[in-house]
Amino acid sequence: MDELIRSRLHDALDVEPPPPYLRSRIINSLPAAERPVRWRVPSFQWARPWVAALLALAVVGGLVYVGRAIGPQLVHKAPQRPITPAILISPTGVAIAPDGSVYFSDVLSAYVFHQLPDGSIATVAGTRPDASISEGDKGMGGPATSANLFGPIGLAFDRSGNLYIADTYAQRIRRIDRNGVITTIAGTGIADPALGGYAGDGGPAKSALFSFPFGIAFDGQGALYISDGDNGQIRRVDAGGRISSLDLSTLPMPRSQFLPGFLAFDPAGSLYAESGDTYLAPTGRGCEIVRRTVGGVWSPVAGTGACGFSGDGGPATSAEISSGGGIAFDSAGNLYLADTYNHRIRRVDRNGVITTVAGSGTEGFAGDGGPSSKAELQFPRGLAMARGDLLYVAEDADASGTPTAPGRIRLLHIASGTISTVIDSQTPIHTSG
Amino acid sequence: MTDLADGDLVTRAKKGDRLAFDRLVGPLIDQAFRLAYGMLHDRQAAEDAVQEAAIRAWRKLNNLRPGTEMRPWFLGIVANQCRTTMRGRWWSVLRLDAPPSSAGFGFEDQIATGEDLRVALRRLAPEHREVIVLRYFLDLPLGEVAAIAGIPVGTVKSRINRGLAAMRPFFRPMEAVT
């Protein structure tokens with residue numbers, strides 16, 4: 001009888017699977033403002049914004065009341081849907097533009113920002129944090145500041161100064177040309193926008209499928225490399241727009257442990273890939289940096305594959321890292337890696353010796369203005385080296401921070417070994433691009 | 001499937017990492033949608049219920065301990081959201097009072113159609129509908145149904161029996177032909 005009932009109910013309730021965009025819609029709709037807040041010793045500073053907010057509400061309420069009393073013509077009709085202001089939540093990817101300005105992605109607020117000469121930041125792409133992938137490629141072909149992004153992470157500039165964005169949650173790669181027009185140059189997202197897929201090698205990149213494309217980088221010939229995170233692949237898009245997958249047969253780790261995240265090229269043209277559980281906490285294995293020579297052979301650079309923290313002062317390949325972050329090189333050819341889950345920046349010198357150059361290991365933002373080795377870092381992710389060996393670090397959302405702007409961009413002065421904050425929640429944001 | 005909540009993912013999700021949360025809950029979206037559809041009989045409402053449940057789960061992460069079985073935890077929240085939806089005034093006006101199909105109840109001399117069953121299911125008390133959908137549409141074991149519904153196994157059995165009793169006319173014709 002059970003089987004009969006089961007069969008009849010399955011027939012009666014035969015329903016198409018949930019729409020493929022539902023998963024992305026859910027994740028994009030999660031309220032960042034309601035993350036759990038870690039308890040700290042009360043200082044009553046928290047009361048200040050509330051008091052200010054209550055006063056502001058009282059003033060606004062009074063004005064509205066007076067306005068209504070004076071006449072309806074003085075009271076503007078409220079818009080049906082309030083505009084969601086651009087906010088800084090979770091800085092993730094960083095890139096330096098040819099003019100030296102800093103661009104960074106915010107995966108949770110779904111914007112790409114850049115810093116203006118006066119220190120403020122402006123939106124480069126993205127319209128609102130809760131844009132749903134079900135809206136599709138809204139805004140493509142037009143101004144990037146009017147186009148939706150769904151979870152941007154990796155950033156890279158090509159030689160012409162066009163900005164490329166790994167819109168990770170849209171399973172697509174976007175390009176913003178120098179006129180500010182955004183287009184999708186790789187990925188269709190058609191098969192399953194929520195989970196992506198793996199297809200299209202040998203054909204045009206626009207028809208290819210990805211599964212959480214994460215880091216991106218250009219080689220010296222102008223080819224774009226994309227870490228295809230959940231597919232465990234690195235894809236290459238040549239100058240003609242055709243896509244292929246790199247040969248991974250010489251990887252020094254089991255293929256199942258290769259979870260590529262951020263990418264970078266060194267000055268000699270070798271490709272470096274961070275392998276960990278990309279945006280997730282490492283799960284025990286896979287924490288490693290690997291290098292691919294121009295000839296296509298892979299070798300280990302840092303990490304043993306086991307996630308942890310050890311080995312400073314010794315060979316980087318014998319040290320444990322707990323990465324999930326970016327890679328950058330200074331003018332002397334030393335490699336820097338964001339050891340995300342150890343809250344540190346580590347350096348691998350040209351002899352292969354690893355040291356910690358920033359971060360005490362304690363999660364936080366303390367230590368600005370002092371030695372970087374004693375400063376707190378918080379989930380450092382994207383790295384970008386600017387001229388003068390200035391290392392920009394995107395530090396991720398803070399569970400104990402204010403909900404609206406918990407992340408920040410720090411600047412590590414390699415020569416002096418000091419650290420400072422250049423962008424945080426107090427930085428003014430312009431939304432006009 | 002009784003995947004346990006991975007401790008690292010839970011920790012990351014509690015810190016606000018949406019991608020970690022996606023890894024925890026994403027694989028359950030399909031079953032969550034089927035549960036919501038089975039209870040609400042409306043695709044759009046089911047989508048909304050799953051989304052709302054996910055947001056509730058996100059807010060309740062602090063209650064989730066590493067090692068918790070993810071599916072009962074999340075589907076329990078989905079079921080609760082569906083109950084909330086069905087309690088809504090407009091839902092009761094628009095859905096529960098919707099006219100039955102032309103077949104309606106009592107057509108014991110013909111094979112019940114899928115629409116008959118859907119109507120019969122819709123007319124069940126929500127607590128009966130929930131356990132029947134979980135047991136016979138999501139094919140879950142009684143223990144997991146109990147965990148999701150938040151009731152003892154014995155109560156699950158009695159609710160299933162009562163629900164099936166109310167729907168029996170719609171199975172009898174099929175019994176006759178099988």
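**View 1. Strands β2 and β3 of chain A pair antiparallel.** Four bridges join β2 (residues 102-106) to β3 (residues 111-115). A:Ser105 stands opposite A:Val112 in β3(A). Two strands count as paired if DSSP finds at least two bridges between them. Strands (E, at least two residues) and helices (H or I, at least four residues) are DSSP runs, numbered from the N terminus. The model is predicted: local features need pLDDT of at least 70, side-chain atom pairs count only at pLDDT 80 or more, and totals for chains, interfaces and linings use all residues. Residues are numbered from 1 along each chain as its sequence is written, while chains are lettered from A and ligands numbered from 1 in the order in which they are written.

**View 2. An open sheet of five strands in chain A.** Its order is β1-β2-β3-β4-β25, with mixed pairing. Strands of a sheet pair through backbone hydrogen bonds, either parallel or antiparallel. At the edges stand β1 (91-96) and β25 (429-430). Each has a single partner strand, so one side of each is left without a neighbour in the sheet.

**View 3. Strand β11 of chain A pairs with β10 and with β12.** Five bridges join β10 (residues 224-228) to β11(A), and the two run antiparallel. A:Asp228 has A:Gln233 of β11(A) as its bridge partner. This pair of strands, β10(A) and β11(A), forms a hairpin with four residues between them. In its turn, A:Gly232 has a positive phi of about 65 degrees.

On the β12 side, three bridges join β11(A) to β12 (residues 243-245), again antiparallel. Here A:Arg235 has A:Ser245 of β12(A) as its bridge partner. The hairpin of β11(A) and β12(A) has five residues between the strands. A:Gly241 takes a positive phi near 90 degrees there.

Strand β11 itself (residues 233-237) is mostly covered, with four of its five residues buried. A residue is buried if 20 or more other C-beta atoms lie within 10 Å of its own, exposed if 12 or fewer, and partly exposed in between; C-beta atoms are placed from the backbone.

**View 4. Helices α3 and α8 of chain B pack against each other.** The pair is α3 (residues 29-40) and α8 (residues 126-137). Their axes lie 9 Å apart, at an angle of about 135 degrees. The two helices are therefore oblique to each other. The crossing of α3(B) and α8(B) is right-handed. From α3(B), the contact uses B:Arg34, B:Leu35, B:Gly38 and B:Met39. From α8(B) come B:Arg129, B:Glu130, B:Val133, B:Leu134 and B:Phe137. The residues of this contact divide into five nonpolar, one polar and three charged.

Some terms for this view. Axes are lines fitted to C-alpha atoms, for helices over the stretch in contact, and angles run from 0 to 180 degrees between N-to-C directions. Angles under 35 degrees count as roughly parallel, over 145 as roughly antiparallel, 65 to 115 as roughly perpendicular and the rest as oblique. A crossing is right-handed if the near helix is turned clockwise from the far one by less than a right angle, left-handed if anticlockwise. Residues are in contact if their C-beta atoms, placed from the backbone, lie within 7 Å. Ala, Val, Leu, Ile, Met, Phe, Trp, Tyr, Cys and Pro count as nonpolar, Asp, Glu, Lys and Arg as charged, and the others, Gly among them, as polar.

**View 5. Helix α2 of chain B is largely enclosed by the rest of the structure.** Eight of the eight residues in α2 (residues 18-25) are buried. Among them are B:Leu19, B:Phe21 and B:Asp22.

Terms used
Two residues are in contact if their C-beta atoms, placed from the backbone, lie within 7 Å.
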